Amino acid sequence: MDFQFATNVPQNDNVSLPSIATTTTAATETPSTGASPSPGRGRGRPRKTGKHTEKSEPKSPERRLTRHGEQNGEFYVPAAEIRHNNMMGVVAAAEWESVVKVVPAMDAVVKVFCVHTEPNFSLPWQRKRQYSSSSSGFIIGGRRVLTNAHSVEHHTQVKLKKRGSDTKYLATVLAIGTECDIALLTVNDDEFWEGVTPVEFGDLPALQDAVTVVGYPIGGDTISVTSGVVSRIEILSYAHGSTELLGLQIDAAINSGNSGGPAFNEKGKCVGIAFQSLKHEDVENIGYVIPTPVIAHFICDYEKHGAYTGFPVLGVEWQKMENPDLRMSMGMGPDMKGVRIRRIEPTAPESHVLRPSDVILSFDGVKIANDGTIPFRHGERISFSYLVSQKYTGDKAVVKVLRNSEILEFNIKLATHKRLIPAHIKGKPPSYYIIAGFVFTAVSVPYLRSEYGKDYEFDAPVKLLDKHLHAMAQSVDEQVVVVSQVLVADINIGYEEIVNTQVLAFNGQPVKNLKNLADMVESCDDEFLKFDLEYQQIVVLHTKNANAATLDILATHCIPSAMSHDLKT
């Protein structure tokens with residue numbers, strides 16, 4: 001998590017700071033293999049016994065004289081070591097040369113101060129206690145600054161400080177790209193832009209290319225430089241955006257506060273943005289950088305549409321075709337390669353032309369292998385989803401498929417992904433509706449994380465996890481509506497233990513989304529309100545008594561309104 005300033009938050013206060021999956025050094029934890037599930041867990045999937053504990057913080061370094069002696073208060077260095085240092089002078093000079101190249105670009109690196117005020121998803125009518133964080137950013141052309149999306153998420157105030165300056169300048173957030181974890185800022189004060197040369201972008205680096213990460217990590221107030229090499233280039237899981245995009249793996253240290261800082265190549269050009277690292281007991285020095293193709297896509301998207309529209313996806317689930325018998329049964333020739341479509345998102349534009357069991361042979365003229373990869377660079381292959389992510393929302397692509405031994409071509413319009421349980425709510429406050437103490441809300445990943453912590457994928461109810469991982473939205477406005485909790489009162493006696501249970505129907509009518517449920521309840525003229533819940537549960541309330549009790553319950557719990565503002569419109 002980005003370095004947080006103390007804000008006098010009580011230890012036992014019910015205020016949870018952003019989880020590790022949504023902040024800078026987002027620990028992309030990997031489960032231990034071969035671990036048996038722990039018995040006795042009630043709801044959710046069994047937890048792996050392999051504990052993902054981070055290494056303990058090292059103790060503060062002590063001032064110790066190891067090889068060097070101290071005589072009469074003067075520091076004594078043996079003559080042999082002086083000769084050794086002289087011999088190493090040539091090597092040191094060569095190393096300094098590479099550092100000097102980066103120095104001019106360092107002046108464009110800024111420190112980002114942000115005050116966050118997060119929504120309280122468990123109590124959606126209020127917000128959590130505000131907290132502060134610091135991270136890094138850098139100046140680019142057009143009087144703009146790039147940083148990470150999670151560095152300014154739910155921002156109340158953002159300030160920037162240049163290197164060597166004692167002034168913090170108020171910044172304006174222009175765009176936040178949650179999927180790619182990039183945010184675009186600007187500063188209205190002309191003084192901020194004086195004497196600074198914007199960072200220039202370089203090409204995508206190759207393996208073993210040297211990179212230098214510059215930023216303001218925890219441990220000091222001045223700029224910090226760490227160096228390493230590119231160790232891997234592949235499609236990565238972006239922890240904050242819950243997406244998979246192109247990423248660089250480097251062995252330079254990326255610590256809390258480095259988020260949003262640039263990674264420079266040997267020529268002093270930016271090749272990426274530091275955004276997360278892998279924290280696990282079995283790995284060391286694995287950091288991740290957002291590469292220039294993803295950054296360029298974000299900037300061009302903003303310039304093209306005036307706002308961030310997202311990365312399009314091909315709304316299908318596919319299966320590898322590596323088995324020869326499977327390929328033969330699908331009518332594929334010996335030289336034909338591709339992947340089989342398992343399912344298609346009903347809300348995706350391609351659902352009108354593609355069908356399950358179609359074999360995707362190529363995308364925009366690029367042939368797809370049986371394992372779903374395409375040639376990338378010399379000696380490298382990458383998932384064909386990279387081709388899709390290079391497009392913009394609304395662009396078209398030619399998809400060639402094999403259907404019933406016949407090759408067909410379709411010109412498909414690409415769109416962003418519509419998830420039944422969204423990974424983000426784009427900075428909007430959560431929606432809620434209250435009747436007779438029953439708090440109804442729509443499920444999202446932040447809501448699950450608020451209710452069950454960062455291990456929500458193990459602790460949340462199985463029914464909700466199944467919808468989160470496998471279910472597809474049948475319409476654009478479909479939501480999973482649940483009874484979040486029951487505010488205890490005389491009217492709801494006997495229903496107190498209902499928590500996080502999905503609402504399937506109201507008075508026999510299916511519940512499409514939260515607004516649909518609120519409208520049906522508000523306009524109900526029947527004598528009783530009947531809610532059909534998951535697990536074959538039902539809730540029945542007397543309509544007149546329920547409406548009368550709602551006002552008293554709202555007053556008791558200091559809730560300003562029975563529904564969120566978006567449901568009133």
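Mentor: A contact means heavy atoms within 4.5 Å. This is a predicted model, in which local features need pLDDT of at least 70, side-chain atom pairs count only at pLDDT 80 or more, and totals for chains, interfaces and linings use all residues. Residues are numbered from 1 along each chain as its sequence is written, and side-chain values use heavy atoms, with hydrogens and water left out.

Trainee: Among contacts between residues at least 6 apart in sequence, what share join residues at least 24 apart?

Mentor: The count takes in contacts in the protein between residues at least 6 apart in sequence. Of these, the share joining residues at least 24 apart is 64%.

Trainee: What percentage of the 569 residues is buried?

Mentor: Buried means under 20% relative accessible area, with exposed over 50% and partly exposed in between (1.4 Å probe, protein chains only). By that cut-off, the buried part of the 569 residues is 49%.

Trainee: How many residues of strand E4 are buried?

Mentor: Strands (E, at least two residues) and helices (H or I, at least four) are DSSP runs, numbered from the N terminus. E4 covers residues 109-116 and is mostly covered. Val 109, Lys 111, Phe 113 and Val 115 point one way, Val 110, Val 112, Cys 114 and His 116 the other way, and all are buried. The number of buried residues in E4 is eight of eight.

Trainee: Which residue in E7 is the bridge partner of Val 112?

Mentor: Two strands pair if DSSP finds at least two bridges between them. E4 pairs with E7 (residues 155-162) in the antiparallel sense over seven bridges. In E7, the partner of Val 112 is Leu 160.
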